[in-house]
Amino acid sequence: MATTIEQIHIESLHLEGTEPLAVSFEPFNLPASNQRLLGPPHPPDTVSPFALRLTEQDVSPSLESIVDIIKNLQESERIFTKKLARHGTLLFRGLPIHNAEDFSKFAHAFGYKPHEIIGIVVDRPLLAPNVAPANEAPKEVLIYSHNESPQVPHAPEYIFFYGHRAPKSGGESPISSSLELFNRAQQEIPEFITEITEKGILSKVVYKTEKQYQGGSSLRQAFGKEILDGDDEDTKRRKIESQIARYGRGKYTTWEWTDDGLILTHRLPVIRTQPGTNLPTLFTGLAAYWKRMQVDADARKNVTQQLYGDGTVIPEKYLAHLARITDEIRVLHSWQEGDVLVYDNIIAQHGREPWQGEQSDRVVLASLFDGDSVPGAYGYGDWAQVVQALD
């Protein structure tokens with residue numbers, strides 16, 4: 001595809017114990033199925049993902065050299081953070097990243113604070129510092145486009161994905177703009193935008209003592225970080241409730257204990273604003289929720305429920321329309337082994353396509369981070385502003 005994208009040149013830096021080494025990243029184009037120009041409200045000629053690779057050099061830089069230079073650029077100019085705020089998603093290709101430890105070093109070089117997931121709904125065992133599998137759901141399961149953690153108040157701002165192993169067919173990661181999704185929805189289904197602005201959503205999530213589906217989490221994985229094996233039932237509940245309180249949502253987060261777990265209900269904004277621009281973004285998994293109900297209703301229909309903030313049902317026609325827009329504005333990233341995708345989670349959505357072959361043919365790792373601030377409120381309800389989780 002023909003696009004004009006600027007080159008990022010990194011001047012020579014002297015690294016202790018080595019000769020001075022010039023390291024440059026150059027933008028490159030991907031196939032049209034994997035990269036597109038974003039529509040309004042993005043500036044003209046904004047491409048996503050913004051793809052970067054190392055320029056050809058006589059000496060291949062080490063991971064340590066690359067990490068050092070990324071740290072320097074982020075500390076001095078925040079250049080990659082600025083690129084993420086514009087493009088939504090960055091692709092790094094051809095880096096010397098070969099395992100979870102390498103990936104962890106690379107992701108931490110950007111200087112963000114590791115995100116603590118409170119109320120995790122999927123099983124993510126730790127593989128390296130702040131690195132876990134992206135999602136271990138069966139390969140046949142479609143994980144449709146969504147922002148990360150839209151069903152809970154405290155979501156990460158930045159998501160790093162590392163493609164350790166890529167299948168021969170399928171397994172792509174969708175990329176789309178939440179800013180563009182809002183812009184289209186405002187034009188095409190303005191009545192929905194009005195309703196969702198005024199009401200927000202009630203997100204009801206069921207957590208049970210045992211996992212409810214393959215790749216899902218248990219209640220203890222979600223909220224039991226302080227639970228000890230010898231704790232009695234009252235102590236366990238008290239510790240779980242103290243974790244829920246860390247969301248900082250007061251009366252807008254409630255829960256009900258059941259015989260085998262609890263039902264957690266949040267009143268949340270679907271529309272939030274991008275820090276720095278105040279542009280409205282549809283921060284949501286509503287289209288993914290609707291898609292899942294079409295193909296997997298029996299298996300997971302009781303895990304998550306999304307309603308308007310007043311408890312009424314969101315008309316299916318709006319959810320289907322969000323999915324139609326998403327299909328039109330997304331691309332599918334075809335993984336090459338070693339690729340790293342970085343998403344600004346406030347303005348970009350991701351997902352996972354099914355793939356052919358074995359479950360082990362696709363291995364993608366994830367690392368989640370918080371930004372300097374949380375998205376702003378859109379509208380005037382005091383429920384519309386999320387906050388950072390309490391320490």
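Before I start: contact here means heavy atoms within 4.5 Å. I'm working from a predicted model.

**Entry 1: the cores**

I looked up Val 340 with that cut-off in hand. Leaving aside its neighbours within four places in sequence, I found Val 340 in contact with Leu 90, Leu 91, Phe 92, Ile 97, Phe 103, Phe 106, Phe 160, Phe 161 and Tyr 162. Val 340 also turns up in the largest nonpolar core, which has 35 residues. I noted it there among the residues with the most contacts inside the core, along with Phe 80, Phe 92, Phe 103, Phe 106 and Phe 160. Which helix gives this core its largest share? I got H1, residues 63–77, with 6 residues. Apart from this core lies another one, of 28 residues, and I jotted down Leu 181, Ile 196, Ala 287 and Tyr 308 as being among them.

**Entry 2: helix H1**

H1 came next. I read 15 residues and a reach of 21 Å from first C-alpha to last, close to the 21 Å expected at 1.5 Å a residue. Which residues of H1 are buried? My list reads Leu 63, Ser 65, Ile 66, Val 67, Ile 69, Ile 70, Leu 73 and Gln 74.

I then checked H1 against H3 (residues 100–108): they pack at an angle of about 20°, with their axes 8 Å apart. Angles under 35 degrees count as roughly parallel, so I wrote H1 down as roughly parallel to H3. On the H1 side the contact is made by Leu 63, Glu 64, Ile 66, Val 67 and Ile 70, and on the H3 side by Asp 102, Lys 105 and Phe 106. Phe 106 was already in my notes as one of the residues with the most contacts in the largest core.

**Entry 3: Arg 78 and what it reaches**

The side chain of Arg 78 meets that of Asp 372 in a salt bridge, 3.3 Å from N to O. I placed Arg 78 in the loop between H1 and H2 (79–87), and Asp 372 in the loop between S21 (363–370) and S22 (376–377). The two are 294 residues apart, so I logged this as a link between distant parts of the chain.

Buried or exposed at the Asp 372 end? Asp 372 is exposed, at 71% relative accessible area. Arg 78 is partly exposed, at 28%.

While in the S21–S22 loop I also looked at Ser 373, which is found there. Ser 373 counts as partly exposed, at 33% relative accessibility. Not counting residues up to four places away in sequence, Ser 373 touches Glu 157, Pro 275 and Gln 388. I also took the C-alpha separation from Ser 373 to Ser 360: 37 Å, for 13 residues along the chain.

I picked out Arg 246 and Glu 116, whose side chains meet at 2.7 Å, N to O. This pair, too, links distant parts of the chain, 130 residues apart. Arg 246 lies in the loop between H7 (233–245) and S13 (253–258), and Glu 116 in the loop between S7 (113–114) and S8 (132–133). Arg 246 is buried at 12% relative accessible area, whereas Glu 116 is partly exposed at 28%.

For a local case I took Arg 184 and Glu 188, with the closest N and O atoms 2.4 Å apart. Both lie in H4 (residues 178–188), 4 residues apart, about one turn of the helix. Glu 188 counts as partly exposed, at 34%.

**Entry 4: two buried loop residues**

Ile 118 is found in the S7–S8 loop, and at 3% relative accessibility it counts as buried. What does Ile 118 touch, beyond residues up to four places away in sequence? I listed Val 152, His 154, Ala 222, Phe 223, Gln 243, Arg 246, Tyr 247 and Ala 389. Ile 118 and Pro 153 are 35 residues apart in sequence and 9.1 Å apart in space, C-alpha to C-alpha.

Last, I looked up Gln 151, in the loop between S9 (143–146) and S10 (158–165). Buried means under 20% relative accessible area, so Gln 151 at 13% counts as buried. With residues up to four places away in sequence not counted, Gln 151 touches Val 121, Ser 203, Val 205, His 266, Leu 268 and Gln 306.

Terms used: Residues numbered from 1 in each chain as written. Predicted model: local features only at pLDDT ≥ 70, side-chain atom pairs only at ≥ 80, totals over all residues. Heavy atoms only, no water. Core = buried A, V, L, I, M, F, W, Y, C linked by side-chain atoms within 4.5 Å. Buried < 20%, exposed > 50% of the residue type's maximum accessible area, 1.4 Å probe, protein only. Salt bridge = Lys/Arg side-chain N within 4 Å of Asp/Glu carboxyl O. Expected span 1.5 Å × (residues − 1). Axes fitted to C-alpha atoms, helices over the stretch in contact; angles between N-to-C directions. Parallel < 35°, antiparallel > 145°, perpendicular 65-115°, else oblique.
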